[in-house]
Amino acid sequence: MFCAHDHCAGCRSLIYNRVSGEYPSGSRTFEFCISYYFLFSTYYLLIPMAKPIIFGDTIEITYNPGKENEFKANKGATIEIFDSEYIILFGPSGCGKSTLLYCMFGVLAPSAGKMYVNGESIYDYTPMQMVMFQRKTMGIMYQSFNLIPSITVLDNVALPLIFAGVPPAERFDRAMELCRRFMIDHVSHKRPSLLSGGQQQRVSVARSLVNDPKILIADEPVGNLDSITAAQVMDTLAEINEKDKKTVILVTHDAKYLPYAHRIVYMSDGKIERVVPNPEKKQILKLAPGSTIVTEIEQIARIYPYDSPKELQVKSVVNYLIEELTFDQITRLQRVTEAIIDGRMDSATYLRTLMADLNEGGLGIPVARASQMTERLMNIIDHARDIFRYRRSRGGEVTQMRSLEFINRIAEFLATQFEFQLTPTQKANFERSIEQRIGGFTKREDFWAQMELPVSERGVGLNKKQAFDVTRLTEKLIAQGIPRVGEAHH
Ligand code: ADP
Ligand code: MG
């Protein structure tokens, strides 16, 4: 047996040097640990480490092997999850998170590698053992709730108990208790379709817990819920982890849920890129001293969650080279800027926050820079409104005259920002390009090209730098002025 980390895979222990107080690290064999134990116990202490409840050993999963559409969804993932941990499998859509999760659940056999749960290789189970495993050890929640529409909420919750052969009275009691706990007892006699999304997902939480499983796995369980309901379900899962001491393994591609986890498993392209302990949560796992070091990279990773470790390192050093804000400042800036965009803060408070000292919760930005930043932001927000109004006006609510006024105002703003002196023809072409871009008829690249194109070719005839600047600012306005995907129009 061999382990490349600072603990041994064989005896699962850290070596502690009693004399120096250090934890020698580096590769070592199991035999080596044994000899430490017997020969050097005066000097060394072996500190036992927990055994993982789940151990995925070099998991490879290939869909449609040997066929034309063969696809490697997991390319050798090794993962250890410990009892009572809250783990998030995180990464962009398609990176293989669900694949790995369903492999843990016992429904997707690895093409290579082994999946151990409680020390047992689950794909060596007999069919009957597998059924018992899925019933007793695992609870599961899906994005789409997967409730049975034709039976009541209570029966949905109790369903796994029917399969487990639990007598009716006990089924009723256990299911009802969970309904009460998750505040769906008052609707327990209804069909699931009459419940809100949040309530339906709570039914699914209750159902996943009715067999009292050790491990709860959840595949994007709040992906279909609005943000407030989603937060409630996430809080429920956190409670199940903290109070009930269940191991929770959650798949998400949404970075805002990362703070819930003890450890975050970053995945990309079928591989586990890195596993990061969340410094804000007390760790379940006894980590080797020094392994929890929080580097700037983790801070940056929160801002750019899908970047690879190397991209993050590059961002860290580039950030230094251009002597911009620190990542701490960027995080604060994001917070206050969000407040402005949501209309919860006025520009004067924003400016004051930018200038205030770091230890007063401010950003410590000098007055000239802070004023410029505030002005630029307010300009963008003001003119983004015109973009929003313009797009709405095309629906026919406002006259053509009015909608041209919005375009006109945006054009004026852009021209003054960069001090363009435009002839009437240039201005007409400029406005047409803006209208086409904002209307969604042209792409950013088309707009950019039109800025540089000579006036004789219906372009605006700007120079390279002007064209770049004006395209960039126009895109900023569009980004703010067009409601986000999935967001309701007000
Ligand atoms: P994630 O959950 O991270 O979005 P998945 O694990 O669902 O990703 O899928 C990983 C990749 O495997 C995707 O590119 C997906 O298209 C592919 N895939 C998933 N399920 C199947 C399947 N049953 N057959 C073929 N390809 C699949
Ligand atoms: Mg998925």
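Strand β5 (residues 54-63) is joined to strand β8 (residues 112-117) by 5 bridges, and the two run antiparallel; helices (H or I, at least four residues) and strands (E, at least two) are DSSP runs numbered from the N terminus, and two strands count as paired if DSSP finds at least two bridges between them. Within this pair, Ile54 stands opposite Val117 in β8. The open sheet to which they belong has 4 strands in the order β6-β5-β8-β9, with antiparallel pairing, and its edge strands, β6 and β9 (120-121), each pair on one side only. Helix α2 packs on this sheet, touching β5, β6 and β8, and its direction makes about 120 degrees with that of β5; contact here requires C-beta atoms, placed from the backbone, within 7 Å, while axes are lines fitted to C-alpha atoms, for helices over the stretch in contact, with angles from 0 to 180 degrees between N-to-C directions.

## Basis of the model

The model is predicted, so that local features need pLDDT of at least 70 and side-chain atom pairs count only at pLDDT 80 or more, whereas totals for chains, interfaces and linings use all residues. Residues are numbered from 1 along each chain as its sequence is written, and chains are lettered from A and ligands numbered from 1 in the order in which they are written.

## Surroundings of ligand 1

The shell around ligand 1 (residues whose C-beta atom, placed from the backbone, lies within 6 Å of it) includes Tyr63, Asn64, Phe71, Gly96 and Lys97. Both β6 (71-81) and α2 (97-105) supply at least two residues of this shell, and the largest share, 3 residues, comes from α2.

## The six-stranded sheet

A further open sheet of 6 strands has the order β10-β11-β12-β7-β13-β14 with mixed pairing. Because β10 (138-141) and β14 (271-277) stand at the edges with a single partner strand each, one side of each is left without a neighbour in the sheet. The twist averages 15 degrees from one strand to the next. Strand β13 (residues 263-268) runs antiparallel to β14, to which 6 bridges join it, and Val265 stands opposite Val275 in β14. Helix α7 (residues 227-242) packs on the sheet, touching β7 (86-90), β11 (215-219) and β12 (247-252), and the direction of α7 makes about 150 degrees with that of β12.

Notes
Contact = placed C-beta atoms within 7 Å.
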